[in-house]
Amino acid sequence: MLQLCNLTRAYELGGERAGVFGVSLAVPKGSLAVLAGPSGSGKTTLLQLAGLLDVPDEGSILLDGQEVSNLPERERCDLRLRRLGFVFQAFNLVPVLSALENVMLPLQLQGVAEDEARRRAGAALDRVGLADRLHHRPGQLSGGQQQRAAIARALAPDPLLVLADEPTASLDHAHGGPLMDLMAELAAERGVTFLVASHDPAVIARANHVFRLADGRLIEEEHL
Amino acid sequence: MILPRLALRNLLRQRRRTALTLMVVVAGFLALSLAGGFMAQTFQGLSDAAIRGGLGHLQVMPPGAMEGDEAQSLEKALPDGEALAARLRRDPAVAEVLPRSQFMGLLSSGAKSVAFLGTAVDPVLEPKYMACLDSLKDGAKASGGAGSRWLSPDPSAREVILGVGLAHSLGASVGSLLTLMSTTRDGALNAVDVEVVGLQDLGLRELNDRLLTVSLATANQLLDAGPARSRLSIVLKRPRDTAAEQTRIQALLPETSVKPWFELASFYRQVKLLYYAIFGFMGLVLFLVVLLATANTLLMSVMERVREFGVLRAMGLQPGQLLVLLQWEGAFLGLMGSALGLAATLLLRAGLNALHIQMPAPPGTSHGYELDIHFVPAVYLIVAIGIQATLQLSALFPGLKAARLRIVEALRHV
């Protein structure tokens with residue numbers, strides 16, 4: 001479903017060369033894959049490249065068999081909107097919108113009618129256990145609830161691939177584990193592929209595929 | 001509709017800052033629209049004064065009458081002005097034609113002589129269409145003006161109405177007997193004894209010091225003018241058609257020069273230009289103040305939402321849509337500012353007009369006037385459009401800044 005071929009993206013960080021170098025990997029459809037490794041290993045850089053948020057210096061990205069690494073910005077935006085979903089460490093819900101409106105946002109940007117967007121967003125929030133928090137603003141939700149809302153937002157447009165950057169890092173163990181269980185369930189249930197950057201053992205333990213990075217290079221793959 | 005909703009929510013997020021920005025917009029709207037209402041009052045007053053001061057809506061005069069000193073003599077006159085006036089009175093667009101003659105000479109009290117500018121008018125028609133009785137009323141309040149009245153319709157009456165300054169310089173008052181001296185059309189010196197029946201205050205010192213008014217019959221005896229008239233003042237039935245009627249009547253009378261009042265009222269034109277310059281400069285300053293204040297607010301708002309913009313871009317929002325989002329924020333600020341500004345303007349206008357504030361006499365004029373800020377919807381519309389355009393412009397730079405953010409850097413922003 002997702003293939004990264006010999007991907008390189010280098011940048012200067014504190015006077016040193018950082019990034020990812022010659023990484024190739026493949027993530028099958030419907031799997032929960034984890035990019036694991038210590039801080040500075042290149043997990044987030046690789047996730048951003050896979051999510052078309054950044055452009056590689058070298059290499060190619062194939063999404064569902066289509067080469068997407070060098071598309072013009074307008075088409076990259078469109079792909080992100082229709083085929084990709086994002087979950088961030090700091091949740092990053094829009095603070096002035098309710099949970100329901102946050103989940104409706106990508107649907108409405110796609111041009112889905114408001115009533116239909118409301119129905120689909122409500123169903124997505126119901127699926128992540130927030131049916132009774134539809135009209136709460138992010139500030140009125142706990143960290144775990146915000147991250148569930150972020151997952152609902154990522155899933156509402158029915159994406160092919162959801163990219164999650166350290167989704168449990170801002171949560172305690174009591175909330176991080178169930179969140180990962182939810183992701184695993186959704187991957188199995190909907191056939192959505194999850195690519196998660198994390199160094200959390202609880203996350204890695206729930207993965208089907210683990211890609212270990214160090215100093216920007218892929219050093220180990222585990223397929224469970 | 002998600003972008004307008006998001007824009008509105010963003011403005012309400014920082015209520016205090018939005019309120020302060022709105023105050024700047026409201027102040028700009030208020031200042032410009034009140035100034036516009038004041039300008040409208042001034043222009044209306046000046047145009048009324050010019051039209052009803054004797055110009056009428058159109059003036060028919062001989063070609064070249066405005067050139068040289070002959071403008072104040074009968075050397076250049078409409079040879080058969082009375083017949084021309086009778087012809088024009090039959091025109092369906094014309095309400096009335098007022099013939100008038102202008103002349104110069106000396107006015108003597110016996111002990112002292114003063115140069116004057118004279119206007120001869122029809123004593124019956126003039127009070128019906130012109131504001132001569134108003135200036136007579138003001139003149140009656142001046143020293144020696146008690147008992148002022150308008151000229152008698154009797155063609156044998158030899159009467160004069162003097163400007164208050166002219167009367168003062170001769171020591172004349174109502175009832176005084178004076179001698180008018182001038183030259184006939186043939187160049188011979190002639191004189192007529194006249195009785196002062198009134199003093200007039202024309203509002204301008206220069207005119208009050210020189211101007212006098214007599215009947216056409218009195219002027220005919222002094223100037224031996226016959227049917228010749230310096231000018232014909234035309235009062236139109238539809239004043240708004242002045243420009244079109246000028247073109248039409250000029251085509252009917254190619255041997256004459258037909259001028260609209262606004263080309264002849266030089267004081268009106270000068271004041272209009274001056275006001276446009278003053279209020280144009282004021283508008284420019286307010287434009288800059290509003291522009292900088294709102295651009296600052298929107299820019300601060302962008303800087304506080306860098307990560308949020310990164311998330312929106314990651315979700316697939318196009319850079320142009322961020323620009324549109326900021327334009328919506330500017331649009332809402334403009335709409336709210338204009339709505340509040342309009343309400344504030346109407347309230348303040350009503351309050352100021354209710355106070356009956358007496359304004360000082362403008363430079364060169366002899367009396368003040370009551371402040372009456374006009375209600376001019378077109379001014380409010382123009383100000384609102386100007387404010388809206390300013391807000392859209394002020395949102396442009398922050399919008400471009402947001403649109404140019406690199407997603408990965410925006411997501412790292414703390």
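1. A definition to start: two residues are in contact if their C-beta atoms, placed from the backbone, lie within 7 Å. Please also keep in mind that this is a predicted model. H1(A) lies across S1, S2 and strand S4 (58–63) of chain A, and runs at about 125 degrees to S1(A).

2. In chain A, four strands make an open sheet, ordered S2-S1-S4-S5, and their pairing is antiparallel. Its edge strands, each pairing on one side only, are strand S2 (16–27) and strand S5 (66–67) of chain A. Strand S1 (residues 2–13) of chain A is joined to S2(A) by nine bridges, and the two run antiparallel.

3. Next, have a look at strand S3 (residues 32–36) of chain A. How many of its five residues are buried? Five of the five are, so the strand is mostly covered. Leu32(A), Val34(A) and Ala36(A) are buried on one side, while Ala33(A) and Leu35(A) are buried on the other.

4. S3(A) also has strand partners. Four bridges link S3(A) with strand S8 (residues 193–197) of chain A in a parallel arrangement, and here Leu32(A) stands opposite Phe194(A). Strand S9 (residues 209–214) of chain A pairs with S3(A) over four bridges as well, again in the parallel sense. In S9(A), His209(A) is the bridge partner of Ala33(A).

5. Helix H3 (residues 99–110) of chain A deserves a visit too. Because 11 of its 12 residues are buried, H3(A) is largely enclosed by the rest of the structure. Among the buried ones are Ala99(A), Glu101(A), Asn102(A), Pro106(A) and Gln108(A). What covers them? The cover includes helix H2 (73–83), helix H4 (114–127) and helix H5 (143–155) of chain A, together with helix H1 (2–13) of chain B. Just after H3(A) comes Gly111(A), with a positive phi of about 100 degrees.

6. As general background, nonpolar side chains tend to be buried together in soluble globular proteins.

7. On to the meeting of the two chains: 19 residues of chain A are in contact with 14 residues of chain B. On the chain A side, the elements giving two or more residues are H2 and H3 of chain A. H2(A) gives the most, with five residues. By class, this side has 11 nonpolar, four polar and four charged residues.

8. Finally, a pair of helices in chain B. Helix H2 (residues 15–55) of chain B packs against helix H11 (residues 266–304) of chain B at an angle of about 175 degrees, with the axes 10 Å apart. Angles over 145 degrees count as roughly antiparallel, so that is the description for H2(B) and H11(B). The residues of their contact divide into 19 nonpolar, seven polar and two charged.

How values were computed. Residues are numbered from 1 along each chain as its sequence is written. Chains are lettered from A and ligands numbered from 1 in the order in which they are written. This is a predicted model: local features need pLDDT of at least 70, side-chain atom pairs count only at pLDDT 80 or more; totals for chains, interfaces and linings use all residues. A residue is buried if 20 or more other C-beta atoms lie within 10 Å of its own, exposed if 12 or fewer, and partly exposed in between; C-beta atoms are placed from the backbone. Axes are lines fitted to C-alpha atoms, for helices over the stretch in contact, and angles run from 0 to 180 degrees between N-to-C directions. Angles under 35 degrees count as roughly parallel, over 145 as roughly antiparallel, 65 to 115 as roughly perpendicular and the rest as oblique. Ala, Val, Leu, Ile, Met, Phe, Trp, Tyr, Cys and Pro count as nonpolar, Asp, Glu, Lys and Arg as charged, and the others, Gly among them, as polar. Two strands pair if DSSP finds at least two bridges between them.
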